[in-house]
Amino acid sequence: MRVYLEHQRRIYGLILALVPNGPDADDILQETGAVLWQKFDEFDPATNFAAWSLRIARYQVMAYYTTKRRQKARLSDETLDAVVERMAVRSPREDVRAAALDGCLEGLPEPDRQLIELRYRGGASVEEVARQSGKTVVAAYKALHRAHERLLQCMRGKLAPGSAM
Amino acid sequence: MNSEELDELIEGFRDGTLEDAQVARLDQLLAEHPEALDRFVDRAMLQADLQFKLGRPPAAPAMTRRPAKKSLFGVAAAAAAVLIGIVSLTGGPTAPETAPAPSYEGCAVLTRALDSTWDPTSPVPALGSVLPKRRLSLASGSIQMEFFSGARVILEGPADFELISTNEGLCRHGKLRAFVPPQAQGFTVRTPTITLVDRGTEFGLRADRGGESEVHVFQGRVELRSGGSSENLGVGRAVQIDARGAVQEIEPDPEAFLTLTELNLRSAEEARGRFARWGTASDRLRHDPRVAVYYSFEDAPSWSRELRCQRPERSPVDGAIIGARWTEGRWSGKKALEFKCPGDRVRFQDAGEYESLTLMTWVRVDGIERPFNGLMMTDGWVSGSVHWQITQNGKLKLGIHGDKIAHDYDTDVVFQPANLGRWIHLCTVYDRAAREVVHYIDGRVSCRLPLKFDTVLRLGNVELGNWGVPLQGNVYAVRHLNGRMDEFAVFGMALPEREIRELYDIGAPAP
């Protein structure tokens, strides 16, 4: 299961990209972990664990889409495949990513850092971010875009040059 | 591909607020633009990084079934590896930071006030508030203080009393009766000339400005220290001590000191009078043409789930009570709603459009543990929105959303641990003509802030004590009011300072 833990962040990333934030995303991660655990015999060590585990996570997401019929519109299967494929080739060394993020958060201008804190630590929706930072919703989208853009640039710079994030 | 548009879709997707057409648009962008797909995946990884670093980390997966024999280490070793892994992944920086516990200085709680007036130099403590170490100058009337130690003191004005600690006071002059249970033994009252140390009892003390004092012991024993000597006074004893410390036996006179029963009876009577006077004023208010929305929280049986609107001829409908429970308001017999759980709220509707607005309420704020604690919030956050709330750091906040611009008008810190749990009158005026926002606390101006921009205010769907109905799948922060509300009004104009003062005076639970 250590191998799972090494890939947990990537699996979580996939789920967070495909499912609105909240308890559902955590549930899907839980279920994915449980399925991986049950099916571990079926995994061929000669193949890529990342691709295998992401595929399983993807099926869990699709199962969620099906059971939660309230989700009328969803990303197409082709898009899901493309996302999984792209994500499987990302190099996700947990410790390297965590250290890079620490550095990038430190270097982030204070107003941007506060927005990121609100959004991720506070779990605030964009409307909430707007409300709490005294901005209009449109301005909040723009500010979040700017803050994420800075973080992405910084992460790209810190993670080994040439390799994708 | 426009990265700003993509990011907006990603944020909306995360919040679950995207319309079907927007989801389709996101799908199209990802299918047609490889760089959009790259950014989407980068953002997904970053989101997971941030969630691990800042957010609540996801729970470890439940290992419900034993893996097949392929495992070399067996379940125990695997479990250990999981533990090690979890610690290294989620320990350290993601552990929640513990904030220092809020603190306050206090000795006692002011639990009764009967016809009390205060000297101009004295602080005016509110009923129900915590009394810190401070000198009080009661000009007339009576108050009851409950010391944290358990000792209870009824002080009759005129009196000059200083709280020294949770079990000690200094009476420069005035009359008091003290009740001291065993757990508060050692309760001490000093005057400029004598010291009384309680040994489990009830006693009366009268201190004159000239330095002369009288002690009457009604129960138990009191140790009297005067000059260099000390004497135990038993039940039924009464003594007079002159300014030089000479002690002389006198006739005990329990009638001379207000008893707990008398104080309670008289303050209950006083409260009934205040409640009745408020009722008359409330009737006037409901016929005041300037009032747009008025809820007196009266005229409703305790099983009712409707908050009766007092202006039926106007647009606002009865409020729908969600979760909140009926309870006691400012006076015994006055109805109030209590907001305690995250879902608690009252929803109403008002179709008016306002250039100026006055918001008024009587609330008992019991806690401000969330970043935002809603008083009156319009649904959403769009042009014309009005958000009236209390922040975690204790400020009263009026948020106004104009056309492409928004601004918060905040007071300084108003709510502190020591004044939570007591009834307070809040009033905020949005005055377009005077170009200012004025916040009032208990009928007095707390601050005046210049208007940042003009906008027409619209209420629409409004909530008391909470904010908004989350969209499907959207997670909202907990932001309900923790406390009670027993009167709420909106005036479609800027109410002048004098009238706000009158509203406070007529509605104050005690002098």
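Axes here are lines fitted to C-alpha atoms, for helices over the stretch in contact, with angles from 0 to 180 degrees between N-to-C directions. From α8(A), the contact draws on A:Tyr141, A:Leu144, A:His145 and A:His148, and from α1(B) on B:Glu4, B:Asp7, B:Glu8 and B:Glu11 (contact means C-beta atoms, placed from the backbone, within 7 Å). By class, these residues are two nonpolar, two polar and four charged; Ala, Val, Leu, Ile, Met, Phe, Trp, Tyr, Cys and Pro count as nonpolar, Asp, Glu, Lys and Arg as charged, and the others, Gly among them, as polar.

A word on the model: it is predicted, with local features needing pLDDT of at least 70 and side-chain atom pairs counting only at pLDDT 80 or more, while totals for chains, interfaces and linings use all residues. Residues are numbered from 1 along each chain as its sequence is written, and chains are lettered from A and ligands numbered from 1 in the order in which they are written.

Let's stay with chain A, which has eight helices and zero strands (DSSP runs numbered from the N terminus: H or I of at least four residues for helices, E of at least two for strands). Within this chain, α8(A) also meets α6(A), residues 110-121, with axes that come within 9 Å and cross at roughly 100 degrees. This pair, too, is therefore roughly perpendicular. A:Asp112, A:Leu115, A:Ile116 and A:Arg119 of α6(A) face A:Ala143, A:Leu144, A:Arg146, A:Ala147 and A:Arg150 of α8(A), giving five nonpolar, no polar and four charged residues.

Now over to chain B, where an open sheet of eight strands runs β15-β16-β19-β28-β21-β22-β23-β24 with antiparallel pairing (strands pair if DSSP finds at least two bridges between them). At the edges stand β15 (306-307) and β24 (406-413), each with a single partner strand, so one side of each lacks a neighbour in the sheet. Further in, β16 (319-322) and β19 (345-354) pair over three bridges, with B:Ala320 opposite B:Arg347.

Finally, look at helix α5 of chain B: its 27 residues should span 39 Å, and its end C-alpha atoms are 38 Å apart, which agrees (the expected span is 1.5 Å times one less than the number of residues).

Key
Two residues are in contact if their C-beta atoms, placed from the backbone, lie within 7 Å. Angles under 35 degrees count as roughly parallel, over 145 as roughly antiparallel, 65 to 115 as roughly perpendicular and the rest as oblique.
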